[in-house]
Amino acid sequence: MIHQEVLKMEIEEVCETQALPLLSLNHVSLMCRSVWESMKFYEDVLGFVPIKRPSSFKFTGAWFYNYGIGIHLIQNPDIDEFETYVNESRPINPKDNHISFQCTDVELVKKRLEEKGMRYVTALVEDKGIKVDQVFFHDPDGYMIELCNCENIPIIPISSCSATFKPRNHSFKRSPSKCGFIENVMMENLSLDMMNFAF
């Protein structure tokens, strides 16, 4: 018991000096020309569920939640459609800022987007025989959305501790290394956190 408390204190000290005490991504907030149009998109296309907003807000907006993340839409009366790209003409650039969601079936995503008459582009990422299919498209305000099977690529921390975590298989493999006890515990905790985020 004492050993665990000392270990916890050491891990907390390491974490406190290296990063802020974050838990997970909570939400993404987006400014909208029309909250109503964006609500339909995030609900009908991406499957988000509307949730209650705090009553103290004195501006138009909407909150959504699903897949472990929130989407907060905020009406911006200062957005002029003539000052920004119109969604139909804005090029879809996979290198643009975007929000990415993992999906189970990229082909089904493409089919559904085509049924809704939505433009999209695809990309393929390969690394040592592992392939990731990506689909990029815009929401009504031109924000880029990516849907992919990114879980195919293992998450490999770049450090002196060689570790590999692949969410789909729930596996965590460590190659022999010279990592200390604290580093090994941190890597194990990282793998457990990633499993929690992935499912």
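Colleague: Is Asp141 buried or exposed?

Modeller: Look at relative accessibility. Buried means under 20%. This is a predicted model. In it, Asp141 has 11% relative accessibility, so Asp141 counts as buried.

Colleague: Where does Asp141 lie?

Modeller: Find the elements on either side. Asp141 sits in a loop.

Colleague: What does the side chain of Asp141 reach at 2.8 Å?

Modeller: For polar contacts, look for N or O atoms within 3.5 Å. The side chain of Asp141 reaches the backbone nitrogen of Arg33 at 2.8 Å. Ser38 takes part too: its side chain and that of Asp141 are joined by a polar contact of 2.9 Å.

Colleague: Now the whole chain. How many helices and strands are there?

Modeller: The protein chain has 4 helices and 10 strands. Along the sequence, their order is α-β-α-β-β-β-β-α-β-β-β-β-β-α.

Colleague: What share of the residues counts as buried?

Modeller: The chain has 199 residues, and 29% of them count as buried.

Colleague: What share of the contacts joins residues 24 or more positions apart?

Modeller: Take the contacts with a separation of 6 or more. Residues 24 or more positions apart account for 53% of them.

How values were computed:
Residues numbered from 1 in each chain as written. Predicted model: local features only at pLDDT ≥ 70, side-chain atom pairs only at ≥ 80, totals over all residues. Heavy atoms only, no water. Helix = DSSP H or I, 4+ residues; strand = E, 2+ residues; numbered from the N terminus. Buried < 20%, exposed > 50% of the residue type's maximum accessible area, 1.4 Å probe, protein only. Contact = heavy atoms within 4.5 Å. Polar contact = N/O pair within 3.5 Å; in protein donor to acceptor, adjacent residues only side chain to side chain.
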